[in-house]
Amino acid sequence: MFKPPVPANNEARIETIAELGLLDPSYVSAFDNIVALTQLATGMPICLFSVLDRERQFFKAKLGIDVRETARHMAFCASAICQENLDDIYFIENAAEHPDFQANPLVIHSPNIRFYAGIPILAPNRFPVGTVCLIGDQPRPLDDKIRKALKAAKALMEDALLLHSRSVTDQRTGLYNRRYFEDQSAKEWRRAVRHLLPITLLMIDMDHFKTYLDVHGDAAGDEALAGVATRLRTAANRPGDFVAHYSGEKFVLLLPETPITGGQQIAQRCIERIRELNLPYGAGGQSFLTISVGGSVANHDSDLDGGIKSLLKAAEQNLSRAKTAGGDGQVCSLLPPAVHS
């Protein structure tokens, strides 16, 4: 069977999808409304906002189909996002006669795709996250009504993505903001409770940051915050890892399904990545920007009874211990918090 191409810079594209929270299973009303209007305007049986991950296409909004996702190798949309011109509509009049798709399970079996028209949807950074597409079970040409509807859907969906990104991200660092962290951490906690999985939270603070601002100024401080954010994102980049700006010079990392050894390893990786920035504090350039990390791990049934706030409180206490010890280090412990070197 035909294997769809992979876009250039695919890892950065997937990182963008994760940053926008598009793989979260919750519905976004704006996405649903755009799909509903597009279907209403065209009368097509199926309309989707499809997001392309590494191994699957995930329907962030859908009408006319029951499944929530399919394997990526079946996705017509995977070809659409690899077009040279990402403003073009990718169109197939009869998939049953198309050499790339006639053996596709979605053509041979339900929903028996014949007609497909999809237009790439671009994130604010211009990476294609997926498509809005229209699907039918009868061959048909691409008429002007469908063309105009998809062009309008693209404009509306890209505006919605821009608003969505502003609602969940911190503008100074590019990371998720505190409000979104609180929403997602509550969901991950419930999942940990339901499946009795370990969960680790790391609280991170930039050491002596006020001194850095006094020497280098606010503009350099913003650059340092952005640099730290980028390094933290690379240090915690497994599927499910969640990095957010918490407040001021503080950051938080939520690590699902992570026991204490894994949490300590990622905490140390964060410390080393910030050292590698080599940002000097003083005029003499003898000392460099560092961070302190406080971590807490819920590992047992009784730990999970306390809620996410108990994990956050314990991480903050351990962060205070790490800073009292001189900074540039970590204190991670199981609940209830106990000091570990």
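Just after helix α11, Gly326 takes a positive phi of about 115°, where helices (H or I, at least four residues) and strands (E, at least two) are DSSP runs numbered from the N terminus. The model is a predicted one, in which local features need pLDDT of at least 70 and side-chain atom pairs count only at pLDDT 80 or more, while totals for chains, interfaces and linings use all residues. Residues are numbered from 1 along each chain as its sequence is written, and side-chain values use heavy atoms, with hydrogens and water left out.

Helix α11 itself covers residues 308-324, and at 1.5 Å a residue its 17 residues should span 24 Å, which agrees with the 25 Å between its end C-alpha atoms; the expected span is 1.5 Å times one less than the number of residues. Its residues Ile308, Leu311, Leu312, Ala314, Ala315, Asn318, Leu319 and Ala322 are buried, where buried means under 20% relative accessible area, exposed over 50%, and partly exposed in between, with a 1.4 Å probe and protein chains only. They cover an arc of only 165° around the axis, which puts them on the same side of α11; the arc is that of the directions from the helix axis to the C-beta atoms. An α-helix has 3.6 residues a turn, so residues three or four places apart point the same way. On the other side of α11, Lys309, Lys313 and Thr324 are exposed.

What do the buried residues of α11 pack against? They pack against α6 (178-195) and against the strands β7 (199-206), β8 (242-247), β9 (250-256), β10 (291-298) and β11 (330-334), contact being defined as heavy atoms within 4.5 Å. In the loop between α11 and β11 lies Asp328, which has a positive phi of about 55° although it is not a glycine. With a relative accessibility of 28%, Asp328 counts as partly exposed.

Helix α2 can be read in a similar way. Its 14 residues, 29-42, should span 20 Å at 1.5 Å a residue, and its end C-alpha atoms are 20 Å apart, which agrees. Within α2, the residues Phe31, Ile34, Val35, Thr38 and Thr42 are buried. Their arc around the axis is only 95°, which puts them on the same side of α2, whereas Ser29, Leu37 and Leu40 are exposed on the other side. The buried residues of α2 pack against β1 (46-52), β2 (56-63), β6 (128-136) and α5 (144-168), and just after the helix Gly43 takes a positive phi of about 70°.

Leaving out residues up to four places away in sequence, Tyr281 touches Asp207, His208, Phe209, Thr211, Tyr212, Val215, His216, Ser287, Phe288, Leu289 and Thr290. The C-alpha atoms of Tyr281 and Leu213 are separated by 8.8 Å, although these residues are 68 residues apart along the chain.

In another loop, the one between α4 (105-108) and β5 (115-122), lies Pro111, and a cis peptide bond with an omega of about 10° joins Ser110 and Pro111. Asn112 has its place in the loop between α4 and β5 and shows a positive phi of about 55° although it is not a glycine. Its relative accessible area is 32%, so Asn112 is partly exposed.

On a 1 Å grid over the protein atoms alone, a cavity is a set of points where a 1.4 Å probe fits but cannot get out, a pocket is an open set with protein on both sides within 12 Å along at least five of seven lines, and lining residues have an atom within 4 Å of a point. About 90 Å³ of space lies in the largest cavity, a volume being the space filled by probe spheres set on the points, which are joined across faces, edges and corners. Of the 15 residues that line the largest cavity, the closest to its centre are Leu48, Gln57, Leu106, Ile113 and Ile135.
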